2 protein chains.
Amino acid sequence: MQVYKAPLRDMRFALHELFADDGYGNLAAFDEFTPDLLDAVLEEAAKMAQDLLLPLNISGDVEGCQFDNGVVRTPAGFKHAYEQFCQGGWAALANDPQWGGQGLPETLNKLVEEMLCSANLSFSAYPGLTHGATLALETHGSDELKAKYLPNLISGKWGGTMCLTEPHAGSDLGILRTQAKADSDGTYRVSGTKIFISAGDQDLTENIIHLVLARLPDAPPGVKGISMFLVPKYLVDEENRIGARNGAFAMRLEHKMGMRGAATCEMRFDDARGWLVGEAHRGLFAMFTMMNQERLSVGIQGLGIIEAAYQSATAYAKERLQGRSLSGTPQPGQPAEPIIVHPDVRRMLMTMRVYAEGCRALGVWTARALDASEHSTDPEVKERATDFMALMTPIVKALFTDLGSEAASLAIQTYGGHGYIVDSGVEQFARDVRITQIYEGTNGIQALDLVGRKLPANGGRNLRPLFHAISCLLEDLSQETEPQIGSMRDSLSEAFQALRTATDEVMRAGAQDPEEAAAAASDYLRMAGLVALGFCFLKSAAIAHKRIASGTDEADFYKAKIISARFFNDRILPQVFANLRAIKGGKQSTMALDAAAF
Amino acid sequence: MQVYKAPLRDMRFALHELFADDGYGNLAAFDEFTPDLLDAVLEEAAKMAQDLLLPLNISGDVEGCQFDNGVVRTPAGFKHAYEQFCQGGWAALANDPQWGGQGLPETLNKLVEEMLCSANLSFSAYPGLTHGATLALETHGSDELKAKYLPNLISGKWGGTMCLTEPHAGSDLGILRTQAKADSDGTYRVSGTKIFISAGDQDLTENIIHLVLARLPDAPPGVKGISMFLVPKYLVDEENRIGARNGAFAMRLEHKMGMRGAATCEMRFDDARGWLVGEAHRGLFAMFTMMNQERLSVGIQGLGIIEAAYQSATAYAKERLQGRSLSGTPQPGQPAEPIIVHPDVRRMLMTMRVYAEGCRALGVWTARALDASEHSTDPEVKERATDFMALMTPIVKALFTDLGSEAASLAIQTYGGHGYIVDSGVEQFARDVRITQIYEGTNGIQALDLVGRKLPANGGRNLRPLFHAISCLLEDLSQETEPQIGSMRDSLSEAFQALRTATDEVMRAGAQDPEEAAAAASDYLRMAGLVALGFCFLKSAAIAHKRIASGTDEADFYKAKIISARFFNDRILPQVFANLRAIKGGKQSTMALDAAAF
């Protein structure tokens, strides 16, 4: 049973209430978008996700994509849904109005993305990849390329892809081999094989615009010799009409654990005509300028599955009758009670619930920084927002997707044996979400990015916005007498101290021996993520407490916020102390065994 | 790439060296089985698992079982393999020689089971279920039933099943509805629907003997009104020849997340002739007397997948070239180095490795207690062994299967994008192992069994063998001056103290309010399991240290043992401190939210 209603009230809480004082809001670029308008967009998005995409989630998984004679067919219903999606303007929500976008904040866009991913993760891949390609083109493309390709990409009429991985080159793009040669007319000829190309071919759009990483003949070896090329599936003439077929072919579809409605292709570029995007040899740089956003989006995919898993598990736990409450028999007429009465079931439901609420809050906070980093007119705010984004990107990507897998597994466990049956729809969440821990940089790569690049960059400055926000909140609440808030403040303070200790340890040891930092990286990322979530929960509880004290008419909502914060504080946050101990253990036992002895 | 070589050296270490002084050995019943003979059996079992079963693992998953006109077909090759398996005597390894078994220790049998599960978890279900049925019959069946059914079940000529679950009754068997009526000839007529019946129908054996839980007309409600019936697929005549078809039919196969080579059937019993096993209304008791063994076997399934995941991930990590070592460039001629050089990859490999070694050790220790509980002639040893078994059963079942899922996920992560592709063979591990956290009692049920039954039973006596063993080891090593052993001793001592504190907390709070114990149950089980693993590792390191000091010619093996122990000690064991904090948080935040607010 897959059920889903967009959690609009919690989204509005994260969007309007939780971070009102973070300094990333009130951007002139978004003046015209009133809170009411943003809420209305969320409501419409909810209908689209619930009514258009959710009904295709199971059928898309069962049917999968098909490969017939070089043509990829998406599952039944996807094409119609994609047309409706584009007609509704959902493809162009946050894009530049200059090219037909609606110019809405990325903060809002990320909440809409969450809904898409909850309802149908496979479907979300198609607009998601196109969005990624438009970002790269907007930032690095020539005016000519932008004018020619962006309007149709942004409207969704054409699809986009990112062609990075090769059979022997995944995390290590420096060794990729696809070649590009300059042609006499200023274009290039691209040849090589790419694998794991999401939406590499599909039947949703009349053309597909590939962004392909390749090497020019004079390229230096390694990552500094990679260039980015725009390679359309069909060439486009002067009047933007579809012309001849270009040498970019899907060779086969991968048979995957999940996300079976999303076409993952092996692509063959065979003397395909391409156009250079950005500077020669700077292709990886171009790809990485949009990687922050893409990685944030992958984190949001994890969040989407957490929410879907939570809702589906909750619906089942309220309905499935099994056993009796340990605290008496509230329903004595029934042979058994809903399993939600059992503490261990509630432990699972509350865990999923706080993962959803916490990740939503942290995702919105990070997206606010993304918007401020692009649109703030205050250089100090812009710098701070950019630093914060840089720090949070690997955390959001890895933490949310790890918790996504955990939540999907908890949903299966809540269903018991029924969760293992394909018809239940919940094992699909586990299969679908599993790739999010891998693509756009494995979570191990995220952890290395965090400790190896983001921490030491700018003399450690990236940490400041997070640490400063936590310190300010703790300071604000230092005189708080409400016992629950006070107790959570003390817990967060202790966890924050542990994170500072770990930070010192990782930076000190890592400066002497990078392997020390690398061996600590995954534990450190988890710690930093949990402390950031703990901050969001404490802030949320403090706001809820004030709202209740001042006589809100939504007391149930705010009381539930305090319960979620307490559960996170009492049952999840303590994990940071285990992470700190593991970090202090150092690299020795990790690295001691000779490779041949494994 | 699924690779598997049975870890014979480590199995011999667990079997002969690690627990030589635990008091559960030297059983007269097994006098004839010399260590050399046991080792020879392991070597033959390894060949069987590697050569006969492993090659059918991927094909069995891809093909799955088929249901045609009421007949279940197992995947190609399973029938032939099953014949070989039975001819080799593997079905009868630990059964009573009186009925054709070989009477080998369960300790050995569990190591063989580990190999089966590593090589082909789906295949292992068929002999596994039969083994379960023989245990129930051996213990509770009348002499007549035993003589009629046991020899063919034990030889594997006939298969067995356990029919417990109904659509509305899983964890809560008290509400099951299948009916049995006495017939005039002393037999019974059984009618009802059972679901999730592993091996409910198959084409491997000429007959299938179902053990079915059902209610007699005069049965009291709840778990005290359940009786067990033997219901053959084909009736068996006086000369043990197959006769008429009985009313026990597979209605359909479940389409499952994994274990697709194992037939999971919905069964319809339609006035089927059955024979009462054991006493009327005592069927659940009869089922549970063999449940300890079955749950231990499910734990071993988790271990089997851990080992398979570890080996497959290790093979890939040695071969896949990506990036360069942070500690220099040991292979300067290559464009990249094997990913095993990267600390975060090693973290994953070492985690799987210590899960495998630790669970193997703890599984062997528990199986030794099982053997001693059945065969010791010393009443004190028998009681202690029985207590230890009772305590460890839920821990082994839940911990090993949770770690099994985690290890399978780590194997996927080690493979990166390739791990998400079905062809890699590693995502199958994750799908296959997922059910082990659910069947034979969900891991949540195991945790409740631990805190609600096993801890308080006999005035808390069940804990003593574990706690006593840990105390003795710490005492033995109290003067140890070797720094690594000393440091691990101190860590285990601290973790043990945390477990004692948690035990007091759970028993105290649980005595006043059972929901407190239930809310703490999963954290407590994990803590107890990790401390027990920590004990095994410290013991193993201490033995290894002595062997090295006395000039062994297997220094590499013992040095690796110390490295594993350190990794577990430094990076995994610290999780118990997070569990303790979570337990101390109490039930409040878990139970506070109104069910309607979820």
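This is a predicted model: local features need pLDDT of at least 70, side-chain atom pairs count only at pLDDT 80 or more; totals for chains, interfaces and linings use all residues.
**View 1. Packing of helices H14 and H15 in chain A.** Helix H14 spans residues 464–476 and helix H15 residues 483–512 of chain A; helices are DSSP runs of H or I with at least four residues, strands runs of E with at least two, numbered from the N terminus. Their axes come within 11 Å and cross at roughly 150°, with axes fitted to C-alpha atoms over the stretch in contact and angles running from 0 to 180 degrees between N-to-C directions. H14(A) and H15(A) are therefore roughly antiparallel (angles over 145 degrees). From H14(A), the contact (heavy atoms within 4.5 Å) is made by A:Phe467, A:Ile470, A:Ser471 and A:Leu474. H15(A) contributes A:Arg489, A:Leu492, A:Ser493, A:Phe496, A:Leu499, A:Arg500 and A:Thr503.

**View 2. Interface of chain B with chain A.** In this interface, 90 residues of chain B are in contact with 90 residues of chain A. The two chains bury about 7800 Å² between them, 59% of it on carbon and sulfur atoms; buried area is the accessible area (1.4 Å probe) lost on being put together, summed over both parts. B:Tyr420, B:Arg571 and B:Phe598 lose the most area in chain B, together 12% of what that side buries.

Residues are numbered from 1 along each chain as its sequence is written, and chains are lettered from A and ligands numbered from 1 in the order in which they are written. Local features need pLDDT of at least 70 and side-chain atom pairs count only at pLDDT 80 or more, whereas totals for chains, interfaces and linings use all residues; side-chain values use heavy atoms, with hydrogens and water left out.

Terms used. Angles under 35 degrees count as roughly parallel, over 145 as roughly antiparallel, 65 to 115 as roughly perpendicular and the rest as oblique.
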